[in-house]
Amino acid sequence: MIEFKNVTKIFPESERPAVDNLNFKAESGELCVLIGPSGCGKTTTLRMVNRMAEATSGQILVNGEDIRSYAKEQLRRSIGYVIQSVGLLPHLQVNENISLVPKLLGWEKKRRNQRADELLTMVGLNPAEYREKYAHELSGGEAQRVGVARALAAKPKLLLMDEPFGAVDPLRRETLQKEFLELQHTLGISVLFVTHDLDEAIRLADKIVLMSYGKIVQSDRPEQLLAHPANEFVRQFIGADRALKRLGCFKISDHLKKSYVLQHSELGKNGTIGHKGTRPLWVVDRRNQLVGLIDSQSNNGAMIDFPTEYRQLNVQHTLKEALSRMLGMGISAVPVVDAQLQLIGEVRLSDIEKINQSGIDL
Amino acid sequence: MGKGRSILHRGLQYVVPLLALLFWVIIIYNPHFLEQLLKALFPNAVEHLYERRPLALLFVDHLLMVSISCLLATLIGVLLGIFLTRGAGKDFLPLFRNVTSLLQTFPPVAVLVLVAPFLGFGVEPTILALFLFSILPILNNTISGIRSVPPPIIDASLGMGMTPAQLLMRVELPVAARVISAGIRTAMVINIGTATIGAVVGAGGFGVIIIAGLVRNNSAFIFSGAIVTALMALIANWFFLQLEKSFYSPRERHEN
C-alpha cells in the first residue's frame, strides 16, 4: 500500500510546485496509474516514492511505514523500478543485469543465477538463449522484458514504472501490457504506473489518478472516471469517445450469454435453413469450431463465412473489441471461443447498450 | 569477398606489430644487427653504433621515465577526472580544463630548462615534464568517458539502490574504461617520443643517441635513435590497443 499525505515538491529553480499538496492512497495488490499531460507532476510523484526526488514537505507511506525511516539505498532495493529507456547496464550480460539488486543485497552467485533464469522464464524469454546476451543484442521489447525481470529480482512488494512500454512499438506494446497484467495478478504486487496514454491506463489500471499542474483532478476506477468525469478538464482529457473507451473496462467474461448453435451438417442444400428469427445463428463443425453464421437479415438467409479475427474473440477480450466486431459485420451479437477455438457463447449488443445507459454522465 | 577482406585485415593487424616486435627484440639483444643495417644505409658515416651505453640500458632508462610519468599522470588524471564529475567537483571543471590545456601549450624543452635548477639534472625533471604533458589526455578522456554514460543508466542504477561509490565502481568506470584507457595510450605514445628530449638534461634514454648524432653530425646515430624510439611507441600502442579491446565498447551497440 502507498499513501501520500499532503505531499508537495518544489524544485529549486521553479516557483510553482511540481507536485502540490498531494493526497491519495493505493491499496496493496492494486495497479494504480498516474496520468496527465506532460509537466503535470506524475513522474515526480512516482520518483518521490523511492526518493529519487525528495518531497519538499508531507509524508509518503509504503506499507504503513514512512519512506524516510529507511536509508535511501535500502528503500530503493526493496522497491522495483522500471523506466522507459530501460537503462540496462551495457557492459553486463542479461543475467548479470537481472541480478543487480540481489547482488547489492548480497545473495550468493548460485542463487542469483537461479533467480535470473526463473525471471527470464516468467517474462517469456528463454533463459538458455537470453541469459548471456548483452543489451545491444536485444530488441526494444526484449530489453523492456529484461527491465521488468530486473525490477522483480529481489521480490519487491511494490513496483514503480515510468512509461515502461512507451518506447515499444504499438503491436508489441499491447502484448507486453497483457502479459504484464497477468504477471502482476499472479505475483499480487502493487504497482504505481506513470503513462500519458489513456488507452494504456484503461487497459491496465485498477485505479486512475488524473493529474494537472501538480494536483489531482480526479482519482477513480477507470470505468467510473469515464462515466463520471469530475469537470471539463477531465472530459477533454478522456475525449468525446469516452462511452466507447469505457467499454474497454469490461471483460467479456462478465457478459457472456448462451448462444444458439447449428451443426454445419444440418444446413440445407443451398446453405440455408429458413431461419426467420432476429438473432444470428452460429454454425459450427463437429469439433464445435465456428464455420460461419446465419442471419435472416442478410445474404438471403444463407450462411456467411467468418473472417479470422471474428473466430478468435475470447473471454479475456473487452466489450469494446466485441462491439467493434459487431459494427464491422453489421450484426447484433458476436461469438466467443475458448483457447481451443471452440464456441462457448456470445456477447449481445443489447447488453452493451445497457452498460452505457446505466450510469454514464452526459 | 567481405569475409576474405576482413580475415586479411585482421591478419595484417597482427603481422605488422609482431614483425616490429621481432625486429625490436633482435636489435635490443644484438645491436650488431642494427649496425649492419646502418652501414648499408649510411656508408659514409664514421661510426654507426652508439657504444658508450648499451642499447638495452638506454631502453631501460627510457621505459622507466615513460612508465613512471604515465603511472603518476594516470593516477592523478583519473582521480581528478572522477572528482570533477562528482557533485562537489563539477564547479571546478572549467578551471581544471583550462589549467591542463595551458600546461599542454608549454614546449617540453622549456619545462625542462625551467625545472632543472630546482630538481637538478637527470631523470627527475624529465619525469616531471612528461607527467605534466600526460595529464591532459588522461583527464580529458576520463571526464568524457564518465560523461558518456547515458543518464537513464545512471537513473536505473541509483533507482535500484546503488550507493554513489557502487555507481562509480560498477557502472561509470567500467562503461568509461575504454575511453580512459585510450587516453592513457595517447599519453604513453606521445611520452615515448617526447622522452628523447630528456637527454638534454642528462636523463638517458634513446634521446642520448640522437643528441650524440646531432653533436657529431652523424646521421646514422640520429636515424638509429629515431627508429628505436618509433618502434617502441608502435609496440606500446599496439599492446595498449589489445588491452582496450577487453573493455566494453559503446560502439558495439551499433554493430547489430
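A residue is called buried here when its relative accessible area is under 20%, exposed when that area is over 50%, and partly exposed in between, as judged with a 1.4 Å probe on protein chains only. By this criterion, buried residues make up 46% of the 256 residues in chain B. The model is a predicted one, in which local features need pLDDT of at least 70 and side-chain atom pairs count only at pLDDT 80 or more, whereas totals for chains, interfaces and linings use all residues; side-chain values use heavy atoms, with hydrogens and water left out. Residues are numbered from 1 along each chain as its sequence is written, while chains are lettered from A and ligands numbered from 1 in the order in which they are written.

Chain B contains eleven helices and zero strands, helices (H or I, at least four residues) and strands (E, at least two) being DSSP runs numbered from the N terminus. Along the principal axes, the C-alpha atoms of chain B fill a box of roughly 70 × 60 × 25 Å. Of the contacts in chain B with a separation of 6 or more, 76% are accounted for by residues 24 or more positions apart, a contact meaning heavy atoms within 4.5 Å.

Helix 3 (residues 55–84) of chain B packs on helix 10 (residues 219–245) of chain B at an angle of about 50°, their axes lying 12 Å apart; axes are lines fitted to C-alpha atoms, for helices over the stretch in contact, and angles run from 0 to 180 degrees between N-to-C directions. Helix 3 of chain B is therefore oblique to helix 10 of chain B, since angles under 35 degrees count as roughly parallel, over 145 as roughly antiparallel, 65 to 115 as roughly perpendicular and the rest as oblique. In this contact, Leu55(B), Phe59(B), His62(B) and Leu63(B) of helix 3 meet Val228(B), Thr229(B) and Met232(B) of helix 10.

Two further residues of helix 3 of chain B were examined, namely Ser67(B) and Ile82(B). Ser67(B) is partly exposed, with a relative accessible area of 27%, and its C-alpha atom is separated by 16 Å from that of Val78(B), eleven residues apart along the chain. Ile82(B), by contrast, counts as buried at 14% relative accessibility. When residues up to four places away in sequence are not counted, Ile82(B) touches Thr142(B), Ile146(B), Leu168(B) and Leu173(B). The C-alpha atoms of Ile82(B) and Leu139(B), although 57 residues apart along the chain, are separated by 9.0 Å.

In chain A, four strands form an open sheet in the order 2-1-4-5 with antiparallel pairing, two strands being paired if DSSP finds at least two bridges between them. Strand 2 (19–26) and strand 5 (65–66) of chain A are the edge strands, each pairing on one side only. Within the sheet, strand 1 (residues 2–9) and strand 4 (residues 57–62) of chain A pair in the antiparallel sense over five bridges, and Ile2(A) has Val62(A) in strand 4 as its bridge partner. Helix 1 (residues 42–49) of chain A lies across strand 1, strand 2 and strand 4 of chain A, running at about 120° to strand 1.

Elsewhere in chain A, strand 15 (residues 333–337) and strand 16 pair in the antiparallel sense over five bridges, with Val336(A) standing opposite Gly345(A) in strand 16. Strand 16 (residues 343–348) of chain A is mostly covered, five of its six residues being buried.
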